[in-house]
Amino acid sequence: MEGAKTEKVNSGSVLCVLCRMLLCLVPFLLMDLFIRMLTKNVSYSADSITFTSILFSVLWISLILSLSLCPERKIGRSIYGILFALCFVMFLAQTLYFSRMDFFFGFHLIESAEEGKGDIIDTFANVGFVTHLKYIAVLASGIFAIVKFPKCEKIRWKTLLAVLLLFVILHIVMPNLLGRANDSLAWDTWRNPRNVYESFGDSNKNMKICGFYEYTARDFYVTFIRTGNEERAEELEFLNTAYGSETPHKKNAYTGIFEGKNVIFLQLEGIDDWLLTKEDMPNLHGMMKNSIVFDNHYSYYSGGGSTFNSELAVTTGFVNPVSYAENPYSFNKNHYPESLPRKLSEMGYRTNAFHMNTGEYYMRGINYKNWGYDKYFSLMDDCAYTDDSYMLDRELVQNPVFYENMFKKGEPFMNYVITFTSHTPFDIT
């Protein structure tokens with residue numbers, strides 16, 4: 001009877017430890033789950049994404065628990081508390097930033113923290129009751145897990161080393177589940193999960209591919225550790241020599257002629273000048289005859305993604321320095337304080353961009369925010385169509401959602417409008 005009693009006590013003790021270990025798992029699972037729910041708003045899908053992101057999360061949570069549970073209780077609980085606190089801070093940053101900007105937070109944004117610190121309290125107050133409940137659930141489960149942290153009398157070195165070795169091997173192998181990367185010159189690299197993961201330029205797609213923990217770790221690596229992005233002394237010296245001593249022209253013949261007026265910037269996907277006649281295109285012809293015409297303007301063509309290259313040039317004043325379609329995925333983390341929308345925003349203008357295609361295409365949803373536009377509007381994303389009429393350029397002004405946001409009364413506005421109907425190549429349909 002005494003042996004049976006001992007066996008019963010031991011079984012109960014094991015069950016208690018297992019329950020406490022499961023408690024340690026809960027807050028990390030909740031954070032991953034709640035972030036995963038936000039990624040449903042990201043219009044990007046591929047067969048490998050969901051499976052790979054779940055595996056990444058399982059891998060990182062297993063590592064976190066192993067680092068916490070293998071040492072003796074006092075040390076393990078401290079490690080667990082620190083890791084939970086770090087993850088919870090990042091969880092708050094991601095949910096708050098996504099609620100405000102519609103894309104996820106990245107470490108490169110720390111440089112701009114001073115600009116946004118005044119909005120933090122307001123953003124937190126307006127994320128909604130359900131989100132506040134999520135914060136409470138994660139925080140409460142984390143604190144409870146720390147209080148009920150399981151006992152361990154000595155460090156389990158073999159278990160810890162085995163987990164670490166397995167983590168390294170699997171982490172090296174797992175990106176292969178995303179498939180093979182396209183050639184860097186392909187125009188549609190933004191669709192290939194492996195390209196998205198390797199370049200790590202699109203925060204929304206990467207969060208969907210990686211999950212919360214892999215995204216956080218890789219973002220830290222890409223921002224602070226990965227080589228190739230550091231400033232080199234010879235490059236800085238060249239830029240300072242070439243441009244640092246230039247005196248900007250404050251006034252010229254055009255200075256002030258549009259002061260106080262609204263701006264509609266129209267960019268056509270593609271058009272030949274023989275079509276711009278009074279008979280074929282009377283409205284544009286009339287606008288051209290009553291506008292400033294820059295005869296010596298030359299659009300840069302790089303073989304692919306040239307629409308977006310033009311968007312970069314006219315918005316920021318910079319020409320795309322790399323070939324083909326790398327620009328949308330390479331420079332969205334740069335800062336453009338002198339961009340056209342930012343300068344007009346400083347003057348009290350509402351600045352928006354309007355186009356047919358999705359915000360996912362060429363990462364326009366993220367890039368346009370980065371350039372300083374208030375919002376990128378898409379007929380495909382923001383409006384409900386049951387046919388193909390969204391491809392007609394007249395919808396850019398006839399659609400009630402677009403019309404309302406283009407010509408909303410109040411502050412002056414700048415509308416950047418990109419057409420689609422004239423996009424080449426054509427076929428008989």
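Among contacts in the chain between residues at least 6 apart in sequence, what share joins residues at least 24 apart? The share is 69%, where a contact means heavy atoms within 4.5 Å. This is a predicted model, in which local features need pLDDT of at least 70 and side-chain atom pairs count only at pLDDT 80 or more, while totals for chains, interfaces and linings use all residues. Residues are numbered from 1 along each chain as its sequence is written, and side-chain values use heavy atoms, with hydrogens and water left out.

View 1. Helices (H or I, at least four residues) and strands (E, at least two) are DSSP runs, numbered from the N terminus. Of the 429 residues, 39% are buried; buried means under 20% relative accessible area, exposed over 50%, and partly exposed in between (1.4 Å probe, protein chains only).

**View 2. Helix H3 covers residues 73-101.** From its first C-alpha to its last, this helix of 29 residues reaches 41 Å, close to the 42 Å expected at 1.5 Å a residue; the expected span is 1.5 Å times one less than the number of residues. Look for its buried residues, among them Tyr80, Phe84, Phe88 and Phe91. After H3 comes Asp102, with a positive phi near 70°.

**View 3. Strand E4 (residues 413-418) is mostly covered.** Six of its six residues are buried. Phe413, Asn415 and Val417 point one way, while Met414, Tyr416 and Ile418 point the other way. E4 runs parallel to strand E1 (residues 263-267), joined by five bridges; two strands pair if DSSP finds at least two bridges between them. Here Leu266 has Val417 as its bridge partner. Strand E2 (residues 350-355) also pairs with E4 in the parallel sense, over five bridges, and Asn352 has Asn415 as its bridge partner.

**View 4. Ser345 sits in helix H14 (residues 340-346).** Ser345 counts as partly exposed because its relative accessibility is 29%. Leaving aside neighbours within four places in sequence, Ser345 is in contact with Thr351, Gly372 and Asp374. Gly372 is 27 residues from Ser345 in sequence, and their C-alpha atoms are 8.0 Å apart in space.

**View 5. Ile155 lies in the loop between helix H6 (129-147) and H7.** Why does Ile155 count as partly exposed? Ile155 does so because its relative accessibility is 30%. Helix H7 itself spans residues 157-173.
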